[in-house]
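The sequence and the coordinates are shown first.

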Amino acid sequence: MVKISPSMLAADFSKLGEELKRIENHADMLHLDVMDGVFVPNMSFGQCVISSIRKCSNLTFDVHLMITNPMRYIADFAKAGADIITIHYESCDNQIEVLKAIRELGKKASISIKPATPAFILEPLLEYVDMVLVMTVEPGFGGQSFIPETLDSVRAIKQMIDASGRNIDIEVDGGITKDTIPEAYKAGANVFVAGSAVFRAPDPAEAIKELKNACEI
Ligand code: DX5
Ligand code: ZN
């Protein structure tokens, strides 16, 4: 099933409540990009903002941690209202321990790779995850152009997951528009993050519908 996870990074932060209302009954999840200015060259928001907006949305909170040593903060994000917590493969060396801890907190665990990280390194981690996030741009900023070569990783991961017989979602993030989504869907992704394409559209609900329809063409 195709799921759209609009990235709040592209929303107007001066009126988050209103922005979220525009997508609440149309999106499948809400993607929340947490950046620490160390793992990526940008900062965004943290657990305080997430726990505030938790009060005005029932969407699945899809929290993407672009932070070093994520173990330090996963309990805070779980408490703030995250439903899915994604950590970056490149952000720590205790990935299995962190993924296990996320599940112990009762949340879905997910791992992400940057465009240059080879897909095969995920194979031993599949039993610990509910989702894999393939970055289709370099993490750090919204509004960048989709990198088509990243779809090789999506295809490789799809094969690995199918061979494992596990039920694991594949999410893609960065530069997703109605022009790039069909190829990502064909490559095997089923969860699509879209920041600019949703929140910068005149009608975000319509933009979500268009993204879904583009997968069926
Ligand atoms: C980038 C973030 C993305 C970003 C996507 O580091 O992980 O989630 O917000 O934004 P768009 O859809 O505008 O590329
Ligand atoms: Zn993201």
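The sections below take these topics in turn.

## Basis of the description

The model is predicted, and local features need pLDDT of at least 70, side-chain atom pairs count only at pLDDT 80 or more, and totals for chains, interfaces and linings use all residues. Residues are numbered from 1 along each chain as its sequence is written, chains are lettered from A and ligands numbered from 1 in the order in which they are written, and side-chain values use heavy atoms, with hydrogens and water left out.

## The zinc site

The zinc ion (ligand 2) has His31 (NE2), Asp33 (OD), His64 (ND1) and Asp173 (OD) as its protein donors, at 2.0 to 2.3 Å. Donors are N, O and S atoms within 2.8 Å of the metal (3.2 Å for Na, K and Ca); water is not among the atoms, so sites may look incomplete. Along the chain, the donors of this ion show the spacing H-x1-D-x30-H-x108-D. Asp33 belongs to strand 2 (residues 29–35) and Asp173 to strand 7 (residues 169–173), so the pair ties together parts that are 140 residues apart in sequence. Helices (H or I, at least four residues) and strands (E, at least two) are DSSP runs, numbered from the N terminus.

The arrangement around the zinc ion (ligand 2) is octahedral because its six donor atoms subtend angles of 70 to 170°. Four donors count as tetrahedral if all angles lie between 85 and 135 degrees; four count as square planar and six as octahedral if opposite donors are over 155 degrees apart and all others between 65 and 115; anything else is irregular.

Buried means under 20% relative accessible area, exposed over 50%, and partly exposed in between (1.4 Å probe, protein chains only). The side chain of Asp33 forms a polar contact of 2.9 Å with that of His31 and another, of 2.7 Å, with that of Ser7. A polar contact is a pair of N or O atoms within 3.5 Å; within protein, one must be able to donate a hydrogen and the other to accept it, and residues adjacent in sequence count only if both atoms are side-chain atoms.

Ser7 is placed in the loop between strand 1 and helix 1 and is buried, at 5% relative accessibility. Beyond four places in sequence, the contacts of Ser7 (heavy atoms within 4.5 Å) include His31, Val193 and Phe199. Under the same exclusion, Asp33 touches residues including Leu9, Phe45, Met66 and Asp173.

## Aromatic contacts

One aromatic pair is present. The ring centres of Phe13 and Phe45 lie 5.9 Å apart with planes at 70°, so the pair is edge-to-face. Rings of Phe, Tyr and Trp (its six-membered ring) pair if their centres lie within 6.5 Å; planes under 30 degrees apart count as stacked, over 60 as edge-to-face and the rest as tilted. Phe13 is partly exposed at 43% relative accessibility, whereas Phe45 is buried at 8%.

Arg54 sits over the face of Phe61, 3.6 Å from the ring centre, and Lys114 over that of Phe39, at 5.2 Å. A charge sits over a ring if NZ of Lys or CZ of Arg is within 6 Å of the ring centre and within 35 degrees of the ring normal.
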